[in-house]
Amino acid sequence: VPTRKEFIEARKRAVSSLMNLAVPPENRLAIFHTPRLVANMVRVITLDQNEARKGCCAVLAQLAKCKENRLLM
């Protein structure tokens, strides 16, 4: 059975991967339109108290660099 610490680490790695994917401008629109991804990042921001919260904010900031995404945000 995974422990809370393992879930925190897994979440942190997932957010870090999203951050790396959101850096290239050509990926931002596709990431933003991935079903439920933005909603789940907002949920992490709301519920998480650790590094994943800051990471999700950074991912959303990267995604907002795309004009099309900003209009929908």
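Helix α3 passes helix α4 in a left-handed crossing, a crossing being left-handed if the near helix is turned anticlockwise from the far one by less than a right angle, and right-handed if clockwise. The model is a predicted one, in which local features need pLDDT of at least 70 and side-chain atom pairs count only at pLDDT 80 or more, while totals for chains, interfaces and linings use all residues. Residues are numbered from 1 along each chain as its sequence is written, and side-chain values use heavy atoms, with hydrogens and water left out. Helices (H or I, at least four residues) and strands (E, at least two) are DSSP runs, numbered from the N terminus.

The axes of α3 and α4 come within 8 Å and cross at roughly 140°. Axes are lines fitted to C-alpha atoms, for helices over the stretch in contact, and angles run from 0 to 180 degrees between N-to-C directions. The two helices α3 and α4 are therefore oblique to each other; angles under 35 degrees count as roughly parallel, over 145 as roughly antiparallel, 65 to 115 as roughly perpendicular and the rest as oblique. From α3, the contact is made by Val38, Met41, Val42, Val44 and Ile45. From α4, the contact is made by Ala52, Arg53, Cys56, Cys57, Val59, Leu60 and Leu63. Contact here means heavy atoms within 4.5 Å.

Within α3 (residues 37-47), the buried residues are Leu37, Val38, Met41, Val44 and Ile45. These residues lie on the same side of α3 because they cover an arc of only 115° around the axis, the arc being that of the directions from the helix axis to the C-beta atoms. Arg43, Thr46 and Leu47, on the other side of α3, are exposed. Buried denotes under 20% relative accessible area, exposed over 50%, and partly exposed in between (1.4 Å probe, protein chains only). The cover over the buried residues of α3 includes α1 (4-22), α2 (25-32) and α4 (51-63). Leucine 37, a residue of helix α3, counts as buried at 19% relative accessibility. Not counting residues up to four places away in sequence, leucine 37 touches Leu18 and Ile31.

The largest nonpolar core has 15 residues, of which Met41, Cys56, Val59, Leu60 and Leu63 touch the most other members. The elements that give two or more residues to this core are α1, α2, α3 and α4. A nonpolar core is a set of buried Ala, Val, Leu, Ile, Met, Phe, Trp, Tyr and Cys residues joined through side-chain atoms within 4.5 Å. In soluble globular proteins, nonpolar side chains tend to be buried together. With its neighbours within four places in sequence left aside, methionine 41 is in contact with Leu18, Cys56, Val59, Leu60 and Leu63.

Helices α1 and α4 pack at an angle of about 15°, and their axes are 9 Å apart. The pair is therefore roughly parallel, and α1 passes α4 in a left-handed crossing. On the α1 side of this pair, Arg11, Lys12, Val15, Leu18, Met19 and Ala22 meet residues of α4. Their counterparts in α4 are Glu51, Ala52, Gly55, Cys56, Ala58, Val59, Gln62 and Leu63. Glutamate 9 also lies in helix α1 and is partly exposed, with a relative accessible area of 29%. The C-alpha atoms of glutamate 9 and valine 38 are separated by 20 Å, the two residues being 29 residues apart along the chain.

In α2, the buried residues include Arg28, Ile31 and Phe32. Seen down the axis of α2, its buried residues fall within an arc of 90°, so they line one face of the helix. Glu26 and Ala30 are exposed on the other side of α2. The buried residues of α2 pack against α1, α3, α4 and α5 (67-72).

The loop between α2 and α3 contains histidine 33, which counts as partly exposed at 47% relative accessibility. Histidine 33 touches Asn69 and Leu72, residues up to four places away in sequence not being counted. The C-alpha atoms of histidine 33 and asparagine 69 are separated by 8.8 Å, with the residues 36 apart along the chain. Arginine 36 is also found in the loop between α2 and α3. Phi of arginine 36 is near 65°, a positive value in a residue other than glycine. Arginine 36 is exposed, with a relative accessible area of 58%.
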